[in-house]
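Please keep the structure open while reading.

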Amino acid sequence: MSGASVVPVITVDGTSGSGKGTLAALIAKRLGWHLLDSGALYRIVAAVGLARGIDLQDASQLASAVASLDIKFHDAGVVVDGQELGLRIREEAVSSGASVVAALTEVREAVLDIQLAQRRPPGLVADGRDMGTVVFPDAPLKIYLDASLEARAERRYKQLIDKGLAANLLALLAGLQDRDQRDKGRTVSPLKPAPDAFIIDSTSLSIDAVLALTLERAHAIGLV
Ligand code: C5P
């Protein structure tokens, strides 16, 4: 067993807009553990590909671009080659591009080492689609978070409106549905719960209730 593998990991996988990013950040803060937002890595690949005019289906060009990038996560976002990309990677074109590049095996292999390197003491909370199934299959606690399509679209709508941004509920619904289909239907690392995942449906639960359930589970298995 390598040194890194004894560092505890809590994985939070699930559908887009289910609240897994928020949940993962809250758990990491509560426990004082590191946080890996793995979706940000696929968003970075898409953003860099779009900025450099690389075809988002061109796996080898995208993978070699990843290998040359200097990626640094910090509390409020991510710096790539010295440039703050926090907001840019949340744009709709990048969100959609991220789920396209994430279906490419070479791209997934290129980001794997970056993900594994985030496993540092005292522990790691990792959110994404395959954290529990592929990247950290030995994680002692695996959460799979889901919510109805309507609930997820309404939450996104409210977040955008609260930020003073334009939003269209039907377009958000369609965008989430597309991403669900791509993430669940791809052959490489499809989105699905790990066999030993603790599944939470957050459709009618507040984020505080989801956090409480997760921490209860972590206590119950003696993790914290
Ligand atoms: O979680 P987020 O919405 O930021 O992820 C952006 C995209 O990256 C997702 O739609 C998904 O296709 C991809 N992704 C993935 N595997 C992960 C995390 C994200 O394929 N572990």
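A salt bridge here is a side-chain nitrogen of Lys or Arg within 4 Å of a carboxyl oxygen of Asp or Glu. Asp-70 and Lys-72 meet this definition, with an N to O distance of 3.0 Å between their side chains. The model is predicted.

**Salt bridges**

- The structure holds 10 salt bridges.
- In the Asp-70 and Lys-72 pair, Asp-70 is partly exposed at 36% relative accessible area, and Lys-72 is partly exposed at 48%.
- Arg-90 forms a salt bridge with Asp-37, and their closest N and O atoms are 3.1 Å apart.
- This pair links distant parts of the chain, since Arg-90 sits in the loop between β5 and α4 while Asp-37 belongs to strand β2, 53 residues apart.
- Arg-90 is partly exposed, with a relative accessible area of 43%, and Asp-37 counts as partly exposed at 21%.
- Asp-130 forms a salt bridge with Arg-108, with 2.9 Å between the closest N and O atoms.
- Here too distant parts of the chain are linked: Asp-130 is in the loop between β6 and α6, Arg-108 is in helix α5, and the two are 22 residues apart.
- Are Asp-130 and Arg-108 buried or exposed? Asp-130 counts as buried at 3% relative accessibility, and Arg-108 is buried with a relative accessible area of 7%.

- Five strands form an open sheet with parallel pairing, in the order β2-β6-β1-β7-β8.
- Strands β2 (34–37) and β8 are the edge strands, and each pairs on one side only.
- From one strand to the next, the twist averages 20 degrees.
- Strand β7 (residues 141–146) pairs with β8 in the parallel sense over four bridges.
- Asp-146 has Asp-201, in β8, as its bridge partner.
- Helix α1 (residues 20–31) packs on the sheet and touches β1 (9–14), β2, β6 and β7.
- The direction of α1 makes about 165 degrees with that of β1.
- Helix α2 lies across β2 and β6, and runs at about 40 degrees to β2.

**Nonpolar cores**

- In soluble globular proteins, nonpolar side chains tend to be buried together.
- The largest nonpolar core has 35 residues, of which Ile-44, Leu-62, Ile-89 and Phe-136 touch the most other members.
- Elements that each supply at least two residues of this core include α2 (38–51), α3 (59–67), β4 (77–80) and α4 (92–101).
- The largest share of the core comes from α2, with eight residues.
- What does Ile-89 contact, leaving aside its neighbours within four places in sequence? Ile-89 is in contact with Ala-40, Arg-43, Ile-44, Ala-47, Val-78 and Val-94.
- Another core, of 18 residues, lies apart from the largest one, and among its members are Ile-10, Val-12, Ile-143 and Leu-223.

**Buried residues of α4**

- Val-94, Ser-95, Gly-97, Ala-98, Ser-99 and Val-101 are buried in α4.
- The cover over the buried residues of α4 includes α2, α3, α5 and α8.

**Backbone geometry**

- Most residues other than glycine have a negative phi, and most peptide bonds are trans.
- Pro-121 and Pro-122 are joined by a cis peptide bond, with omega about 5 degrees.
- Pro-122 is placed in the loop between α5 and β6.
- Asp-81 is not a glycine, yet has a positive phi of about 50 degrees.
- Asp-81 is found in the loop between β4 and β5 (83–84), and is partly exposed with a relative accessible area of 42%.
- Ser-189, also not a glycine, has a positive phi of about 45 degrees.
- Ser-189 lies in the loop between α8 (169–185) and β8 (198–201).
- Buried means under 20% relative accessible area, so Ser-189, at 15% relative accessibility, counts as buried.

Note on methods
Residues are numbered from 1 along each chain as its sequence is written. This is a predicted model: local features need pLDDT of at least 70, side-chain atom pairs count only at pLDDT 80 or more; totals for chains, interfaces and linings use all residues. Side-chain values use heavy atoms; hydrogens and water are left out. A nonpolar core is a set of buried Ala, Val, Leu, Ile, Met, Phe, Trp, Tyr and Cys residues joined through side-chain atoms within 4.5 Å. Buried means under 20% relative accessible area, exposed over 50%, partly exposed in between (1.4 Å probe, protein chains only). Contact means heavy atoms within 4.5 Å. Two strands pair if DSSP finds at least two bridges between them. Axes are lines fitted to C-alpha atoms, for helices over the stretch in contact, and angles run from 0 to 180 degrees between N-to-C directions.
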